[in-house]
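The tour goes stop by stop.

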Amino acid sequence: MEIIYHGHSCVQINNIIIDPWISDNPMCKTKLSDIKVDYILLTHGHNDHVGDTFELAQQNDALVISNVEIAEYFEELGLKTFGMQPGGQYEFDFGKVKMTPAIHGSSYTQADGVNVPLGLAVGFIVTIDDKRIYHAGDTALFSDMKLIKDIDVAFVPIGDVYTMGIVDAAECVKWLQPKIVVPIHYNTFDLIKADVNEFKNMLKATKVVALGPGERLNSL
Ligand code: NI
Ligand code: MN
């Protein structure tokens, strides 16, 4: 399995990309035209997550998997979509996607400046072969995270202000007990600066892998 971090919340797993904010992402080193994917998973409508979904889906004829409201929005614009809601799971040809709750907003600001509310923010558990990958999306800490089990890799936000900061994220990781945790949604801009070494120090029993943009997770 190939897992690449593109910065902020953008994670690529084989031919699947989650939250493809590429061209305007100050951390991303990859060119949009170099990304070849068949599936785009969106955790919510905010522009730092929807990012280049439209162009990428068109270029690759990719399927957009998201909450129903985002799916309907992009379906009307001509994209192939698959809508789900929190708690639901569906088996695609690459494996299973389960949509988990997240505590966060989900509006999308169009190019004309109009802000459109698009359902609930979510996270994903992606199961490929026997590996379970949890992408928490943008979220606060919430105690139902304790119900999420058997995670091989967890991508959790640590940047604070809009999501969990390092203290809450460390608590989340203690509940999840993933084999590997990869911090996301931090250091993209000043407001979400986080000390990843301090985060690591809080989690001595867990393998924390802080990936730089464009880096691969080799240990899975
Ligand atoms: Ni957000
Ligand atoms: Mn965000």
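**Stop 1: Pro-157**

Select Pro-157, which sits in strand β13. The model is a predicted one. Is Pro-157 buried or exposed? Its relative accessibility is 0%, so Pro-157 counts as buried. Now show what surrounds it. Beyond four places in sequence, Pro-157 contacts Ala-136, Gly-137, Thr-139, Thr-163, Met-164, Ala-169, Ile-184 and His-185. Take Thr-139 from that list: 18 residues separate it from Pro-157 in sequence, and the C-alpha atoms are 7.4 Å apart.

**Stop 2: the nonpolar cores**

Next, select Tyr-39, Leu-41, Phe-94, Phe-155 and Leu-217. These have the most contacts inside the largest nonpolar core, a set of 29 residues. Strand β11 (residues 122–128) gives the largest share of this core, with four residues. Apart from it lies another core, of 24 residues; Phe-142, Tyr-186, Phe-199 and Leu-203 are among them. In soluble globular proteins, nonpolar side chains tend to be buried together.

Go back to Leu-217. Sequence neighbours within four places aside, Leu-217 is in contact with Ile-3, Val-153, Ile-180, Val-182, Val-209 and Leu-211.

**Stop 3: a patch on the surface**

Switch to a surface view and pick Val-161, Tyr-162, Phe-189 and Leu-191. Together they make a nonpolar surface patch of about 370 Å². Val-161 belongs to the loop between β13 (153–157) and α4 (166–176).

**Stop 4: Thr-81**

Move to Thr-81 in strand β6 (residues 80–84). Thr-81 counts as buried because its relative accessibility is 15%, below the 20% cut-off. Which side chain does Thr-81 join in a polar contact of 2.5 Å? That of Glu-75. A polar atom of the Thr-81 side chain also lies 3.3 Å from the backbone oxygen of Ala-71.

**Stop 5: salt bridges**

The model has four salt bridges. Visit three of them.

- Arg-216 and Glu-2: the side chains meet at 2.6 Å, N to O. The pair links distant parts of the chain, 214 residues apart. Arg-216 is partly exposed at 41%, and Glu-2 is partly exposed at 36%.
- Lys-80 and Asp-61: the closest N and O atoms are 3.6 Å apart. Lys-80 is in strand β6 and Asp-61 in the loop between α2 (53–60) and β5 (63–67), so the pair ties together parts 19 residues apart in sequence.
- Asp-152 and Lys-179: the bridge spans 2.9 Å, N to O. Asp-152 is buried, at 5% relative accessible area, whereas Lys-179 is exposed at 58%.

Technical notes
Residues numbered from 1 in each chain as written. Chains lettered and ligands numbered in written order. Predicted model: local features only at pLDDT ≥ 70, side-chain atom pairs only at ≥ 80, totals over all residues. Heavy atoms only, no water. Core = buried A, V, L, I, M, F, W, Y, C linked by side-chain atoms within 4.5 Å. Buried < 20%, exposed > 50% of the residue type's maximum accessible area, 1.4 Å probe, protein only. Helix = DSSP H or I, 4+ residues; strand = E, 2+ residues; numbered from the N terminus. Contact = heavy atoms within 4.5 Å. Patch = residues over 30% accessible without salt bridge, like charges linked within 9 Å, V, L, I, M, F, W, Y side chains within 5 Å. Areas by Shrake-Rupley, 256 points an atom, 1.4 Å probe, with all protein chains shown as cover. Polar contact = N/O pair within 3.5 Å; in protein donor to acceptor, adjacent residues only side chain to side chain.
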